[in-house]
Amino acid sequence: MTVETILATAQSRGSELGLTYSGALTPSEAWAVRQSLPQAVIVDVRSAAEWQFVGVIPEAVRVELRAYPGMVPNAAFVSQLQQQVGTDKTVLFICRSGARSDEAARLAAEAGYAEVYNILEGFEGDRDAEQHRGRVNGWKAHGLPWIQG
């Protein structure tokens with residue numbers, strides 16, 4: 001599948017979901033876009049504690065949307081994003097499950113980023129029957145590259 005086809009699918013998915021930004025990608029689609037599109041940047045918006053204890057995607061830009069403990073909103077999120085990622089980039093946001101990255105994508109689009117995508121399922125994905133993440137779906141469950149932070 002070409003990058004153009006993947007992005008078109010993500011945009012259609014975004015329209016179906018009523019997103020206010022470019023679209024939504026599965027983890028595997030996001031990895032294919034990152035590998036094939038030089039201007040694509042993955043931005044991990046989880047907390048520093050999650051990066052340290054759960055793992056990270058190599059070469060992903062890290063900007064906390066909310067800080068642990070208490071998941072306090074980062075008032076400087078947009079300015080920190082702008083310092084690390086130009087508005088001309090294709091930005092692929094990821095969090096634990098896809099909720100915070102949706103919020104980050106909305107904020108980025110409002111701040112003038114034109115190509116903004118949420119990575120569905122997130123880094124860890126949904127909980128399994130034993131209430132553990134990382135096995136059912138998400139970046140890790142798909143066997144995509146990650147390292148222990």
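The following questions and answers cover the fold and the aromatic rings of a predicted model.

In this predicted model, local features need pLDDT of at least 70 and side-chain atom pairs count only at pLDDT 80 or more, while totals for chains, interfaces and linings use all residues. Residues are numbered from 1 along each chain as its sequence is written, and side-chain values use heavy atoms, with hydrogens and water left out.

Student: Is Phe-93 buried or exposed?

Tutor: Buried means under 20% relative accessible area, exposed over 50%, and partly exposed in between (1.4 Å probe, protein chains only). Phe-93 has a relative accessible area of 0%. By that cut-off Phe-93 is buried.

Student: What kind of aromatic pair do Phe-77 and Phe-93 form?

Tutor: Rings of Phe, Tyr and Trp (its six-membered ring) pair if their centres lie within 6.5 Å; planes under 30 degrees apart count as stacked, over 60 as edge-to-face and the rest as tilted. The count by this rule is three aromatic pairs. For Phe-77 and Phe-93 the centres are 6.5 Å apart and the planes are at 45°, so the pair is tilted.

Student: Which elements does the pair of Phe-77 and Phe-93 link?

Tutor: The two residues are 16 apart and belong to distant parts of the chain. Phe-77, which is buried at 2% relative accessible area, lies in helix H4 (residues 77-84). Phe-93 lies in strand E6 (residues 90-94), and the link is therefore between H4 and E6.

Student: Which residue lies over the face of Phe-123?

Tutor: A charge sits over a ring if NZ of Lys or CZ of Arg is within 6 Å of the ring centre and within 35 degrees of the ring normal. Phe-123 is buried, with a relative accessible area of 0%. At 4.2 Å from its ring centre, the residue over the face is Arg-46.

Technical notes. Helix = DSSP H or I, 4+ residues; strand = E, 2+ residues; numbered from the N terminus.
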